Amino acid sequence: MSAIQVHGLNKTFNEKKALTNIQLSIEPGEMVALIGASGSGKSTLIRHIGGLIHSDKNDSEIKVLGQVMQKNGKLGSNVRKIRSEVGVVFQQFNLVNRLSVLTNVLMGYLGQIPSWRGTLGLFTHAEKKRAMDALHRVGIDKLALQRSSTLSGGQQQRAAIARTITQGAKVILADEPIASLDPSSSRKVMDTLERVNLEDKVTVLVSLHQVDYAMQYCPRTIAMRDGEIVFDGNSESLTPDFLKQLYGDHSLELYGNNKQEKPAGNYTQKDAAALASV
Ligand SMILES: Nc1ncnc2c1ncn2[C@@H]1O[C@H](COP(=O)(O)OP(=O)(O)OP(=O)(O)O)[C@@H](O)[C@H]1O
Ligand SMILES: [Mg+2]
C-alpha cells in the first residue's frame, strides 16, 4: 500500500490549468521534496493530497494510506479519518497564537479523543506527558508554557511538527515550512522533519524553494513546471542544467544557499481552522 497515490489529477482555476494529469506514488517511509518555480503548482498539489480542495471532475483518484481522499472531484467518505492520520505544516498560521505551545501540541489529539474533552481542554496526564515528550524531541520543551505568538518562526514550525507527532500522523505534508526562515532555523526544522521520518518512519512530502535543502535532506525529488511533473527521481541526479531550465534566471540563486523572500503563499487561517477541526 502506498502512502500517497495520485492518479490523473487535473485542476483548473477560472479556465487556467493549474495541474495537468498528475501521477505519482510515494511509498511509506519516503521523504520526498517537491520543487518548482513560483506558480508551478506545488501548493495546489499538496492541498489536493490533504483534501483541502477538490480536483476537476475528470477520472482521477487520490489515495492516502490506501484510502480514497478524493475521486473524480469528490472528497471520499472517510476524509475526516484520513486527515487525522495526515499532519500538515504550512509556511505560516500553523499555531493558534493566543494559546500556549503545549496547548497547540495537545490539539494533535483532537481527532483521537471525544470532542467534548477537546473542547473543554481536558487532557489526561498521560496525554500531556506525551505532548511534552514530543516538544522535547523537537527541542523546544522549555518553551511549552509560552504563548505561541512569542516563538520565533523556526520554533513555531517545530511546534507544528510536535503537533503532528502527538497526532500520530503517518504522513506529513509540509508546504514550504522553511520559506521565511534564516539558514540556521531552516536547518533545525529540516533536521526535525528528517528525524521524524527516520525514527518514526513517517512519510514526508515537503515543498521547498531551496534546491540545496531538497538535495541534502530528501533522497527523492519531484519537480513541477506549469502544473506538470517534469522530474521524479533520485535527488542526486538533478543537474544544474535541468535546474536552470526549471527556474529560468533564478536558478543560480536557488541552487546556492540563499534565502528567498517570497509572499506568504495561499494558505489562510481558514485552512488552518479546517485542519484543526479534524
Ligand atoms: N485559489 C486559487 N484561485 C485561482 N488560481 C489559483 C488558486 N490557487 C492557485 N492558483 C493558481 O494555480 C497556479 C499554481 O499555484 P500554486 O500556489 O500551487 O503554485 P506554487 O508552486 O505553490 O507557487 P509558490 O512557489 O509561489 O508557492 C498558479 O497559477 C496560481 O495562480
Ligand atoms: Mg506554494
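**Close-up views of a predicted model**

**View 1. Ser 43 and Asp 175 are joined by a polar contact between their side chains.** The contact spans 2.6 Å; a polar contact is a pair of N or O atoms within 3.5 Å, where within protein one must be able to donate a hydrogen and the other to accept it, and residues adjacent in sequence count only if both atoms are side-chain atoms. Ser 43 belongs to helix H1, residues 42-49; helices (H or I, at least four residues) and strands (E, at least two) are DSSP runs numbered from the N terminus. With a relative accessible area of 16%, Ser 43 is buried (buried means under 20% relative accessible area, exposed over 50%, partly exposed in between, with a 1.4 Å probe and protein chains only).

The model is predicted: local features need pLDDT of at least 70, and side-chain atom pairs count only at pLDDT 80 or more, while totals for chains, interfaces and linings use all residues. Residues are numbered from 1 along each chain as its sequence is written, chains are lettered from A and ligands numbered from 1 in the order in which they are written, and side-chain values use heavy atoms, leaving out hydrogens and water.

**View 2. The largest nonpolar core holds 49 residues.** A nonpolar core is a set of buried Ala, Val, Leu, Ile, Met, Phe, Trp, Tyr and Cys residues joined through side-chain atoms within 4.5 Å. Ile 35, Leu 135, Met 190 and Leu 193 touch the most other members. Helix H6 (residues 153-167) gives the largest share of this core, 5 residues. A second, separate core has 28 residues, among them Ile 22, Leu 24, Ile 46 and Phe 90. In soluble globular proteins, nonpolar side chains tend to be buried together.

**View 3. Glu 30 and Arg 220 form a salt bridge through their side chains.** The N to O distance is 2.8 Å; a salt bridge is a side-chain nitrogen of Lys or Arg within 4 Å of a carboxyl oxygen of Asp or Glu. Glu 30 sits in the loop between strand S2 (16-26) and strand S3 (31-35), and Arg 220 in strand S10 (residues 220-225), 190 residues apart. Arg 220 is buried, at 13% relative accessibility. Asp 232 is linked with Glu 30 and Arg 220 in a network of salt bridges.

**View 4. A salt bridge pairs Lys 71 with Glu 61.** Their side chains meet at 3.4 Å, N to O. Lys 71 is in strand S5 (residues 67-71) and Glu 61 in strand S4 (residues 61-64), so the pair ties together parts 10 residues apart in sequence. Lys 71 is partly exposed at 40% relative accessibility, and Glu 61 is partly exposed at 22%.

**View 5. Arg 137 and Glu 199 meet in a salt bridge.** The N to O distance between these side chains is 3.0 Å. Arg 137 lies in helix H5 (residues 125-137) and Glu 199 in helix H7 (residues 183-200), 62 residues apart. Arg 137 is partly exposed at 27% relative accessibility, as is Glu 199 at 47%.

**View 6. Trp 116, Leu 120 and Leu 122 make up a nonpolar surface patch.** Together they have about 350 Å² of accessible area, computed by the Shrake-Rupley method with a 1.4 Å probe; for residues, only the protein chains shown count as cover. Patches are made of residues with over 30% relative accessible area and no salt bridge, with like charges joined within 9 Å and nonpolar side chains (Val, Leu, Ile, Met, Phe, Trp, Tyr) within 5 Å. Leu 120, in helix H4 (residues 115-120), is exposed, with a relative accessible area of 59%.
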